[in-house]
Amino acid sequence: MRIATFNINGIKARIEGLTDWLKEAEPDVVLLQEIKSVDEGFPAEHFNDIGYVVETHGQKGFNGVAILSRLPLEDVRRGLDGHEGTGRDGADDAEARYIEATVMGEKPIRICGLYLPNGNPAPSDKYDYKLRWMDRLRARAAELLELEEPFVMCGDYNIIPQDEDAAKPEAWKDDALALPTSRAAFRRLLSLGLTEAFRARTQAPGHYSFWDYQANSWERNNGIRIDHHLLSPQAADLLQDCWIEKEVRGRAKPSDHVPVWIDLAA
DNA sequence: ATGGTCGCCGAGCGA
């Protein structure tokens, strides 16, 4: 089963490029982030027509996540638990950033798609929200781990795990994506027993999943690696491969992110 | 270099 995570930065702007990519790359499952659409505005029927079932968790204008799958989806869940009611919008669940479903292949796999808050500037209420959100994600991961079944948490984590994951680490020193506090929160997630698929495959630096639209970042290869797959032990046992589809960034009208893939023996 | 470029929509925010 081949699964890709892809922050598309707006479904309306990316419908054509995303369709072309789906037809040629033929992923079994895709986790989309930043659909920037309400559920009713997402062109689900269009993707049904090319063989994908669609589940969305959207909101107007910003954020929004979706799952596209060639296999049936069951037990869809939207949003994280832990309704603090103290978020900067009055409720931490005001932002649509998380969706879960079970993909019914040969071996059913629980798939979590997430768009972790950016958190800039730091410090700020936005940064506090990011850290709280990571706590809530960790609580959900701990719940799922108790089941001792295969699950994957895939998405735009907005975390540069190590300096090796940035072309210019010094430029991100004070950024919410790379601050020691952010990296520590990411490590706490991993230390529950999750495997970061890309780093499990290679320790090599210089692999990125995002290049800013500004300042010719793509042409200068000034990228960062912030889109990740975290696997439960039972899912890690199924991991065949993990790779970044860098070429997509050079296409016409691209997203600023590219797809990151895992292949599971499932 | 305190700008630069996108996408949401239809002003200004978020990244």
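Reply: Begin with burial: a residue is buried if 20 or more other C-beta atoms lie within 10 Å of its own, exposed if 12 or fewer, and partly exposed in between, with C-beta atoms placed from the backbone. Lys 168 is partly exposed, because 13 other C-beta atoms lie within 10 Å. Residues are numbered from 1 along each chain as its sequence is written, while chains are lettered from A and ligands numbered from 1 in the order in which they are written. This is a predicted model, in which local features need pLDDT of at least 70 and side-chain atom pairs count only at pLDDT 80 or more, whereas totals for chains, interfaces and linings use all residues.

Me: What is the mean pLDDT of chain A?

Reply: pLDDT is the predictor's confidence in each residue, from 0 to 100. For chain A the mean is 95, and 96% of its residues reach 70 or more. Over residues 84-90, however, the pLDDT is below 50, and this stretch has eleven contacts in the model beyond near neighbours in sequence, a contact being two residues whose C-beta atoms, placed from the backbone, lie within 7 Å.

Me: Which residues of helix H4 are buried, and which are exposed on its other side?

Reply: Helices (H or I, at least four residues) and strands (E, at least two) are DSSP runs, numbered from the N terminus. In H4, residues 180-190, the buried ones are Ser 182, Phe 186 and Leu 189. Seen down the axis of H4, its buried residues fall within an arc of 55 degrees, so they line one face of the helix; the arc is that of the directions from the helix axis to the C-beta atoms. On the other side of H4, Pro 180, Ala 184 and Arg 187 are exposed. The cover over the buried residues of H4 includes helix H3 (125-145) and strand E12 (227-231).

Me: How should I read the sheet, and in what order do its strands run?

Reply: Strands of a sheet pair through backbone hydrogen bonds, either parallel or antiparallel. Two strands count as paired if DSSP finds at least two bridges between them. Here an open sheet of six strands has the order E5-E6-E7-E8-E12-E9, with mixed pairing; strands E5 (73-78) and E9 (195-196) are at the edges, each pairing on one side only. E5 pairs with E6 (residues 98-103) in the antiparallel sense over four bridges, whereas E7 (residues 109-115) and E8 pair in the parallel sense over six bridges.
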